[in-house]
Amino acid sequence: MRVRLDRTLCDGFGFCAKHAPGYFSLDDWGYASLTGDGTVPEADEHDVRRALLDCPVHAIIEVPEEDDA
């Protein structure tokens, strides 16, 4: 799984950092930043997916996997 964060949509609710603190951090005003390059190992997918689904403004986007064709 791979995600990206659209900081222009973020309203600072902080649910992402609550559910997946290893992937999202909050600045001094409560706005999120993505930690790392957005690659999520399978073991952490549940937490990151919960952050994605709980974001009220849909600022977290799952990046489709590219085919190996």
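View 1. Val63 touches Arg2, Val3 and Arg4, leaving out residues up to four places away in sequence. Contact here means heavy atoms within 4.5 Å. Val63 lies in the segment after β4. The C-alpha atoms of Val63 and Met1 are separated by 7.5 Å, although these residues are 62 residues apart along the chain. With 25% relative accessibility, Val63 counts as partly exposed. Buried means under 20% relative accessible area, exposed over 50%, and partly exposed in between (1.4 Å probe, protein chains only).

This is a predicted model, in which local features need pLDDT of at least 70, side-chain atom pairs count only at pLDDT 80 or more, and totals for chains, interfaces and linings use all residues. Residues are numbered from 1 along each chain as its sequence is written, and side-chain values use heavy atoms, with hydrogens and water left out.

**View 2. The largest nonpolar core.** A nonpolar core is a set of buried Ala, Val, Leu, Ile, Met, Phe, Trp, Tyr and Cys residues joined through side-chain atoms within 4.5 Å. Which of the 16 residues in the largest nonpolar core touch the most other members? They are Val3, Phe24, Val48 and Ile60. The largest share, three residues, comes from α2. Helices (H or I, at least four residues) and strands (E, at least two) are DSSP runs, numbered from the N terminus.

**View 3. Around Ile60.** Neighbours within four places in sequence are left aside here. Ile60 is then in contact with Val3, Arg4, Leu5, Cys16, Phe24, Ala51, Leu52 and Cys55.

View 4. Rolling a probe the size of a water molecule over the atoms shows where empty space is left. On a 1 Å grid over the protein atoms alone, a cavity is a set of points where a 1.4 Å probe fits but cannot get out; lining residues have an atom within 4 Å of a point. Grid points are joined across faces, edges and corners, and a volume is the space filled by probe spheres set on the points. The structure holds one cavity of 30 Å³ or more. The largest cavity has a volume of about 100 Å³. It is lined by 15 residues, and the closest to its centre are Cys10, Phe13, Gly14, Cys16 and Cys55. The lining divides into 12 nonpolar residues, two polar and one charged. Ala, Val, Leu, Ile, Met, Phe, Trp, Tyr, Cys and Pro count as nonpolar, Asp, Glu, Lys and Arg as charged, and the others, Gly among them, as polar.

View 5. Side chains of opposite charge can pair when their charged atoms come close. A salt bridge is a side-chain nitrogen of Lys or Arg within 4 Å of a carboxyl oxygen of Asp or Glu. The structure holds three salt bridges. In one, Asp37 pairs with Arg2, and the closest N and O atoms are 3.8 Å apart. Asp37 lies in the loop between β3 (32-34) and α2, and Arg2 in the segment before β1, so the pair ties together parts that are 35 residues apart in sequence.

View 6. Arg49 and Glu62 form a salt bridge (3.0 Å, N to O). Arg49 lies in helix α2 and Glu62 in strand β4 (residues 60-62), so this pair ties together parts 13 residues apart in sequence. Arg50 and Asp54 also meet in a salt bridge (3.6 Å, N to O). These two are four residues apart in helix α2, so about one helical turn separates Arg50 and Asp54.

Key. On a 1 Å grid over the protein atoms alone, a cavity is a set of points where a 1.4 Å probe fits but cannot get out, and a pocket is an open set with protein on both sides within 12 Å along at least five of seven lines; lining residues have an atom within 4 Å of a point.
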